[in-house]
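Please view the sequence and the model together before turning to the points below.

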Amino acid sequence: MKRRSSLRDYTAFVWLIAGGAVLIMRPVVPSATWLMVHLVMLGALTHSAFVWSEYFTHAILRTRATPMQVRRARQRIIVLIIGTLLVLVGIPLTSAYGGGHLRSAWTIVAAGAGIIIAAIGWHTVFIWREFTRALPGRFNFVTRYYGAASLFLILGNIFGASISFGVGEATQARLLAAHLAANFLGWIGLTVIGTLITFWSTMLRTQMAPHTARFSARLFPVFVASDLTVITGALLGMLPLAVGGFAVYLLALVVWASTMWTPLRKVSLREFAPASVAAGLTWAVVGLGGVLLVIYRSSTWSDFDANVRNLSPILVAGFALQLLIGALSYLMPMVMGGGPAVSRAMNTQMNRYGVARVILTNAGLILAITFSHRPALHIAGIVLAGIGFLAFFSATKRALSAFIKAKKEAPTSATKTATDTSPSEKSQAPTAGEQASQRAIDRRWGQLQWAGSEMIGAIAIIAVVLSVGAVVDRGEMPKLLVVRAPLPPSRLLPLGTLRA
């Protein structure tokens with residue numbers, strides 16, 4: 001895979017920016033909530049899962065992409081983008097127009113879903129071919145996660161497209177449950193699990209737990225079978241079957257997550273990327289637990305349809321966005337190339353204000369979800385989470401600037417180091433072991449200062465925003481800030497009738 005590719009690296013950013021634009025223009029955009037959810041899940045997250053599962057397939061199987069494979073990978077991305085665009089345009093049209101326009105909108109949705117299925121099918125064939133021609137390896141089974149995830153996305157697109165074709169209320173609720181199970185548990189869930197088997201310890205810059213490979217390989221059929229059970233229960237209208245499958249999937253997920261705890265205990269969360277991913281996975285467990293509770297408490301599938309939509313902020317903003325932002329924060333410096341100095345420069349910028357960003361994002365989400373019935377506090381939470389999310393784009397911009405600057409300075413620095421160091425200076429230089437020890441001490445002390453100052457700053461911002469939200473929520477804003485139109489003379493009352 002190429003070191004840098006604009007189509008691969010920046011498409012997810014475009015989908016995220018589009019989602020933010022829809023959030024701002026929400027009152028005038030048809031199907032705004034659906035569009036925001038799918039710009040993140042179908043647009044940004046699916047694109048990232050699509051391209052990075054290919055990247056990790058090559059890395060795990062230790063195969064090298066040929067020039068032809070690179071061109072075909074680019075073509076698959078283009079096909080996926082076209083299909084996604086058609087679906088994202090077609091669904092809002094079905095709700096905005098009726099009559100003859102409705103049939104045209106359905107045609108757009110069907111075409112988009114078909115194109116996405118074609119792209120994913122092509123992607124699945126690529127993974128299978130790489131798996132069959134690779135030499136035996138310890139982690140080759142990870143590609144099974146990617147292949148099964150792709151097949152689930154094909155099913156999810158079929159269920160999703162069927163919902164838009166005007167089915168009955170009960171059938172729509174069952175199709176929605178199957179759609180969520182196939183896309184979230186299958187496509188996103190299996191891709192994330194398969195990637196984090198090796199990627200989690202890489203982000204933490206430590207060794208994985210010895211039993212990670214064994215646990216992950218054994219749990220793969222459990223994940224697939226339980227997800228198929230949920231889908232079957234939804235399609236057949238059997239709530240107990242769906243509840244049982246969902247419970248098994250969630251239990252397997254908790255067992256698998258135990259393998260992530262061992263490397264985390266060694267090093268803790270010292271950088272923004274793994275901290276954001278860990279926060280996203282925590283929200284995923286909370287959200288999936290909420291879905292299980294909704295299914296268990298629902299007497300009919302219509303009840304499930306009405307209640308599960310309330311969990312969208314947890315699964316989209318809490319899980320998907322934080323996971324995506326954390327993964328991209330680590331992957332961008334890694335794939336851009338340029339050598340260790342360039343990567344360090346980019347990582348420094350991506351980690352800037354990392355503690356504050358994680359705190360603001362998650363505190364804002366908790367506030368927005370907890371006080372959804374109190375508008376001022378709800379908006380205060382959205383503002384805090386928005387600050388945390390938007391800081392990612394600022395960090396990315398600074399990282400790209402650092403990349404350009406470091407690339408220009410790298411040859412000069414290397415020449416200066418090689419020519420300006422005298423023999424006496426070399427003899428007085430500390431040994432490699434002394435340098436590593438001092439770097440570890442400086443890094444830990446710097447991280448404590450960095451984390452403490454950022455934590456105080458984040459708490460201060462939260463206190464200010466929360467105070468303003470609480471004052472507005474109680475209606476105690478100063479009356480000088482309330483602007484009202486003057487009453488006409490006919491509406492004015494005599495002075496004696498005014499109440500104290």
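Ser 53 lies in helix α2, which covers residues 32-61. The model is predicted.

**Ser 53**
- The relative accessible area of Ser 53 is 2%, which is under 20%, so this residue counts as buried.
- The side chain of Ser 53 makes a polar contact of 3.0 Å with the side chain of His 123.
- When neighbours within four places in sequence are left aside, Ser 53 is in contact with Ser 48, His 123, Tyr 146 and Thr 191.

**Ala 177**
- Ala 177 belongs to helix α6, formed by residues 169-204.
- With a relative accessible area of 8%, which is under 20%, Ala 177 is therefore classed as buried.
- Not counting residues up to four places away in sequence, Ala 177 touches Ala 234, Trp 301 and Phe 304.
- Ala 177 and Val 308 are 131 residues apart along the chain, and their C-alpha atoms are separated by 9.1 Å.

**The chain as a whole**
- The chain contains 16 helices and zero strands.
- Of the 500 residues in the chain, 47% are buried.
- Of the contacts between residues at least 6 apart in sequence, 80% join residues at least 24 apart.
- The chain exposes about 25,500 Å², and carbon and sulfur atoms supply 67% of this area.

Definitions and conventions
Residues numbered from 1 in each chain as written. Predicted model: local features only at pLDDT ≥ 70, side-chain atom pairs only at ≥ 80, totals over all residues. Heavy atoms only, no water. Helix = DSSP H or I, 4+ residues; strand = E, 2+ residues; numbered from the N terminus. Buried < 20%, exposed > 50% of the residue type's maximum accessible area, 1.4 Å probe, protein only. Contact = heavy atoms within 4.5 Å. Areas by Shrake-Rupley, 256 points an atom, 1.4 Å probe, with all protein chains shown as cover. Polar contact = N/O pair within 3.5 Å; in protein donor to acceptor, adjacent residues only side chain to side chain.
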